[in-house]
Amino acid sequence: MNKLTRRTTLAMGAAALARPALSQAKLLRSDIRMPSGQANLAKYATAVDIMMGLPASDAKSWTFQWYIHSVPDGRKVAELKRIYPNPSAARKLAEETWSTCRAHSNGDDPDHFLPWHRMYLGFFEATVRTILKDPTFSLPYWNYTDPTNRALPDAFRKKGDSKWGSLYRPNRNNGVNAGHVIDEGLSPSPLTSEALTEATYRPSGPKVGFCQNLDGSLHGSVHVRVGNGVGMGSIPWAANDPIFWLHHCNIDRMWASWNHNGGRNPSDPWTAQTFVFPNGKGGKATPAIGSVLDMAALPYTYDSFEPGPTIAAGAAAGPPRAANPVAQASGVSLGADGAEVSLKAVPGRKPGPAGAAGKRLYLRISQLSAKTQPGVLYDVELRDPSGAWRHVGYVNFLDAVPHADHSGMAGMPPGGAPAKTFSFDVTDIASGISGAPSVRVRPAGAPASDASPLVGRLEIVEY
Ligand SMILES: [Cu+2]
């Protein structure tokens, strides 16, 4: 699955950087392994160093940029008071923009994930250009879907290094800063581009759609495997790790790839929703979702897109059908070893055989919650008709831990469960199960003892 062909190297590497920056030329976001990516990575390390030295009251500072995603421990009000003792325009901008990540909290629309982070990245990139006085800077990306590229890039692991030290953070999981691959011990790897097979952006039938799939699976897995509960593994701390921006750059590239392959973004009134950001030049911007949906209209592109599958126009079209629940369980607490649960057949339904009349079966897992981050992925397995456990996929609790003062908190149910759902096609495994289907959810590693992870709902639906 290595997309870095020699052709791409030649076409997109040195040549792109050598080209003089014309005002209307698009900036090229490159793989960090390419010459252009390497050059931008060095600029990035310099910029992070400068940003970390700026006072937090400056919208160009590292802390301000991190706090846009989320101020940890519900301390937004306290931090506003500490950093801005007096009213000012800068304070107003902080009030408007801190803790405004609009996708990872209870009550948020999960479909905001991609456009909100695209804007966040774009204004961060503009901030770096301002700081470096370098209009040619573009964010590089870390492509961990390539199985040969799954160790945290070297530049982020050099503690105290005069050139790269700004990119180091201690709050990473065991082995990560020693260069172990972040999917070590996991088979199959969770770092796949499976989300690219989704036919729609939003949920459709039993499927969660491209945005939520990418968010929950690939995006969440990288967060959880890279950092601990005060690092990449926890939403309020994640953007303090410099790898955050290269991770999200790759996630943005996955979105651009899905569009490139024919996936269509929504075009209804949802696209009029606006968000607020510092614009990187001392002012403020309030872009609408619709302004970042079309790659052709954006000031950057990528050196390489993920190949297919091609999403045919109207792939998800057809008369609406019901997704019929076949078997369910609720309120499953995961102990130190996880849990094994036997789903109860929905009255009047029996869970198989499926596949008849073109029907498929999906295992849907939703309403996840936890007190703190368990710090591990969970392996989901389903027992097939022969009694063997078969791997279905991974789930994580990245955005299942409530964090105070985040947008959406007001409407959050007590102990709240976010709207995000994981959905796996289990037709091949579940077809032919005659009794109650058994599902096993087990931690891949030792979960934090105080996390109390809970899966609110598990169901198999026929569609
Ligand atoms: Cu993220």
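Which residues does L298 touch, not counting residues up to four places away in sequence? In this predicted model, L298 touches K26, R118, S291 and V292.

**The loop residue L298**

- L298 is located in the loop that runs between strand 3 (284–285) and strand 4 (300–302).
- With a relative accessible area of 9%, L298 is buried, because the cut-off for that class is under 20%.
- One of the residues that L298 touches is K26; the two are 272 residues apart along the chain, and their C-alpha atoms are separated by 8.0 Å.

**The chain as a whole**

- The secondary structure of the chain consists of 11 helices and 13 strands.
- The chain has 463 residues, and 55% of them count as buried.
- Among the contacts in the chain with a separation of 6 or more, 76% are between residues 24 or more positions apart.
- The chain has an accessible surface of about 18500 Å², and carbon and sulfur atoms account for 54% of that surface.

**Helix 8 and helix 10**

- Two packed helices are described by the angle between their axes and the distance between the axes.
- For helix 8 (residues 209–226) and helix 10 (residues 243–260), the angle is about 155° and the axes are 11 Å apart.
- Helix 8 is therefore roughly antiparallel to helix 10, and the crossing of the two is right-handed.
- On the side of helix 8, the contact is made by F210, L214, L218, H219, V222, H223 and V226; helix 10 contributes I243, F244, H247, H248, I251, M254, W255 and W258.
- By class, the residues in this contact of helix 8 with helix 10 are 11 nonpolar, 4 polar and no charged.

**Helix 5 and helix 6**

- The axes of helix 5 (residues 76–83) and helix 6 (residues 89–97) come within 11 Å of each other and cross at roughly 170°.
- That angle makes helix 5 roughly antiparallel to helix 6, and helix 5 passes helix 6 in a right-handed crossing.
- K76, L80 and K81 of helix 5 meet R91, A94 and E95 of helix 6.
- The contact of helix 5 with helix 6 comprises 2 nonpolar, no polar and 4 charged residues.

Technical notes: Residues numbered from 1 in each chain as written. Predicted model: local features only at pLDDT ≥ 70, side-chain atom pairs only at ≥ 80, totals over all residues. Heavy atoms only, no water. Helix = DSSP H or I, 4+ residues; strand = E, 2+ residues; numbered from the N terminus. Buried < 20%, exposed > 50% of the residue type's maximum accessible area, 1.4 Å probe, protein only. Contact = heavy atoms within 4.5 Å. Areas by Shrake-Rupley, 256 points an atom, 1.4 Å probe, with all protein chains shown as cover. Axes fitted to C-alpha atoms, helices over the stretch in contact; angles between N-to-C directions. Parallel < 35°, antiparallel > 145°, perpendicular 65-115°, else oblique. Left-handed = near helix turned anticlockwise from the far one by under 90°. Nonpolar A, V, L, I, M, F, W, Y, C, P; charged D, E, K, R; others polar.
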